Amino acid sequence: SSIHERLKICDKFKNEGLYMKNSLDLGLIGNCQIGALINEQGEIVWCCLPRFDGDPVFCSLLNEHPDGEGSGYCTVELLDNISTEQFYIPNTAVIVTRMTDKHGAIIEVTDFAPRFHQYGRMFMPMMIIRKLRRIHGTPRICVRVRPMYEYGSHPCSVTHGSHHIRYVAPGWVLRLTTDVSITAVLGETPFFLEDTATIILGPDETIPDAIGELSRRFLEETIANWHDWVRDLSIPYEWQDEVIRAAITLKLNTFEDTGAIIAAVTTSIPEAPHSGRNWDYRYCWLRDAYFVVNALNRLSTTNTMERYLSYLINLVAGAPHGLIQPVYGIDGRAHIHELELQNLPGYRGMGPVRVGNQACVQVQHDVYGSAILAVAHVFFDRRLAHRGVHNLFTRLETLGEMAFNFHNQPDSGPWETRNILRINTFSSIMCWAACDRLAKIAVHIGLTQKAVYWRKKADQIHATICARAWNEKKQAFAGFFEGDALDATLLLLHDIGFLPADDPRFAKTVAAIERELKRGNYIFRYVETDDFGIPENAFVVCTCWYIYALAALNRTDEARDLFAHLLSKRNHHGLLAEHIDPRTGEQWGNFVQTYSMVGLINSAIRLSKRWDSAF
């Protein structure tokens with residue numbers, strides 16, 4: 001049916017209060033080159049190739065029909081299925097889906113993207129392997145593979161050989177290699193699974209080995225690799241499983257070739273139903289850098305941290321005249337042109353579907369502080385192979401000058417408002433942080449005069465913020481200069497180092513945010529009208545910032561209770577999206593959200609008992 005007809009059907013479902021099957025109760029697999037989301041029925045609903053920001057070959061997450069048909073997916077169906085169980089193999093990114101039919105027959109589908117050391121380097125091909133295994137009885141299954149190209153515009157053309165199917169699109173070919181009947185896959189006809197079977201989705205290359213043996217070896221090597229990686233993590237005594245899953249997810253959002261870490265693997269999952277707040281998050285935001293690097297450091301994932309810092313340093317080095325933007329492509333490209341697509345109806349029919357992100361051309365002054373706060377680690381962390389030197393400090397000084405020049409100028413702020421420019425307090429605080437950290441770096445590397453210079457700049461910005469952002473009536477720092485609206489970013493006053501925890505202004509600001517931005521167990525980023533109206537759902541990481549603030553104020557019991565509640569709202573795999581509906585607890589927004597998982601990690605580390613006091 002046409003897009004118009006499909007959207008009419010979707011509207012009919014919405015008007016009748018019905019939802020389609022798509023939800024964010026999904027699992028993420030990947031290998032730091034590609035990522036894929038798998039639903040509880042074992043369907044691959046989202047996967048972009050050849051990398052995170054590529055064409056979504058499987059896109060049924062944004063392309064579902066109310067009648068359950070459609071395209072853009074890969075699924076293994078058990079006929080007469082009555083129950084499904086899905087779980088990760090512990091401490092890995094390997095997902096197992098176990099299905100049982102009404103006759104008692106059971107199958108397992110094991111999904112993973114190969115990742116392991118081979119020939120002295122990391123092997124992480126553009127490949128997904130699906131291993132099928134009969135556990136009990138005589139299960140009858142059907143394999144359906146319906147890839148699309150150009151963001152769901154067209155089905156692929158198909159050619160095949162004796163043991164493979166080629167799904168052909170302009171510019172690329174996806175090859176399915178299998179030891180089951182090619183005729184059954186092409187015709188989507190059911191067959192009995194007698195023992196085991198393998199489906200390999202990957203590049204258009206011949207697989208020379210027996211694929212059953214190859215997939216077995218790849219699975220064993222991939223599991224061992226993830227176990228080795230987890231074994232080297234530094235984790236808190238409490239919430240170990242939760243932090244391990246968050247750490248693996250953070251790693252899965254890493255594009256290893258450049259070191260970039262994406263905000264999420266999806267595009268256009270709305271922040272709230274019918275809100276129009278649908279964005280493409282398959283890119284790298286400098287806003288996230290400070291928090292991501294802190295989490296990586298606390299986890300002792302120094303290799304991932306060093307690769308990410310290298311990506312950031314390359315951005316700084318390439319910034320024209322020291323001007324940096326809020327978001328970049330995973331390859332470091334600056335231009336990420338945003339457009340709306342007409343061929344995908346969107347998540348539950350809630351468009352628009354956007355590709356690219358207009359934030360790349362926005363003015364956000366907080367990015368200078370974010371970049372310097374993150375890169376400062378290379379000057380202080382002696383574990384890193386590539387340490388900070390005077391030449392890098394000189395490059396960072398260019399950013400510092402920009403921060404000082406812009407600290408009292410209007411911008412779009414950390415929430416990227418599209419039509420509202422003002423002097424955002426958080427942006428100014430991050431400009432202060434840029435100068436403050438430059439002063440500390442200068443002291444550390446013995447540049448006394450530079451330390452004095454940057455301390456003077458930082459003190460000047462600090463005084464300006466205190467004079468212009470403090471709202472005497474509300475007894476709190478306001479979200480923008482000479483304003484009275486509050487903003488959740490100001491929960492970070494202590495975390496960033498702008499105020500000590502015992503400064504009364506910090507506690508008063510937290511109290512004001514509690515009064516105005518707290519809804520149940522969640523903190524909203526703000527509650528005023530923006531470009532799209534009044535926000536309906538809570539931005540997950542803001543609640544994490546509130547937990548940080550409570551911990552700093554020694555309100556530990558409250559922080560732990562709040563953290564326990566937040567953990568209970570993760571999906572059944574332990575994953576978080578960007579937003580949560582405070583009324584229903586349902587997750588919304590792009591998924592899996594790096595910011596949310598980093599907030600979970602940092603909260604757990606702050607609140608956990610120490611290892612040496614736990615026994």
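Colleague: How many bridges pair strand 11 with strand 19, and in which sense do the two run?

Modeller: Six bridges, and the pairing of strand 11 (residues 128-136) with strand 19 is antiparallel. Strands here are DSSP runs of E with at least two residues, helices are runs of H or I with at least four, and both are numbered from the N terminus. Two strands pair if DSSP finds at least two bridges between them.

Colleague: What kind of model is this, and how are residues numbered?

Modeller: It is a predicted model, in which local features need pLDDT of at least 70 and side-chain atom pairs count only at pLDDT 80 or more, while totals for chains, interfaces and linings use all residues. Numbering starts from 1 along each chain as its sequence is written, and side-chain values use heavy atoms, without hydrogens or water.

Colleague: Back to strand 19. Which residue is the bridge partner of Leu132 there?

Modeller: Ala197. Strand 17 (residues 172-178) also joins strand 19, antiparallel, through four bridges. There, Thr177 has Ile200 as its bridge partner.

Colleague: Why is strand 19 called largely enclosed?

Modeller: Strand 19 covers residues 196-202, and six of those seven are buried, so the rest of the structure largely encloses it. Buried means under 20% relative accessible area, exposed means over 50%, and partly exposed lies in between, using a 1.4 Å probe and protein chains only.

Colleague: New topic. Is Pro56 buried or exposed?

Modeller: Pro56 counts as buried, at 0% relative accessibility. It is found in strand 4 (residues 55-58).

Colleague: Which residues is Pro56 in contact with, leaving aside neighbours within four places in sequence?

Modeller: Trp46, Cys47, Cys48, Met148 and Tyr151. Contact means heavy atoms within 4.5 Å.

Colleague: Which residues touch the most other members of the largest nonpolar core?

Modeller: Tyr308, Leu396, Phe477 and Trp545, in a core of 205 residues. Such a core is a set of buried Ala, Val, Leu, Ile, Met, Phe, Trp, Tyr and Cys residues joined through side-chain atoms within 4.5 Å. Another core, of 12 residues, lies apart from it and includes Val94 and Phe112.

Colleague: Where does Leu396 sit?

Modeller: In helix 9, where Leu396 is one of the buried residues, along with Phe393, Leu399 and Gly400, among others. Beyond four places in sequence, Leu396 is in contact with Val316, Ile372, Val375, Phe379, Leu438 and Ile441.

Colleague: What covers the buried residues of helix 9?

Modeller: The cover includes helix 6 (302-318), helix 7 (366-375), helix 8 (377-380), helix 10 (425-444) and helix 11 (448-468).

Colleague: Zoom out. How many helices and strands does the chain have?

Modeller: 15 helices and 32 strands. The radius of gyration is 25 Å, close to the 25 Å that the globule rule gives for 615 residues, so the chain is as compact as a globular protein of that length. That radius is taken over C-alpha atoms, and the rule is 2.2 Å times the number of residues to the power 0.38.

Colleague: What share of the residues counts as buried?

Modeller: 62% of the 615 residues.

Colleague: Last one. What is the strand order in the open sheet of three strands?

Modeller: 30-31-32, with antiparallel pairing. Strand 30 (538-539) and strand 32 (587-588) are at the edges with a single partner strand each, so one side of each has no neighbour in the sheet. His579 stands opposite Trp588 in strand 32.
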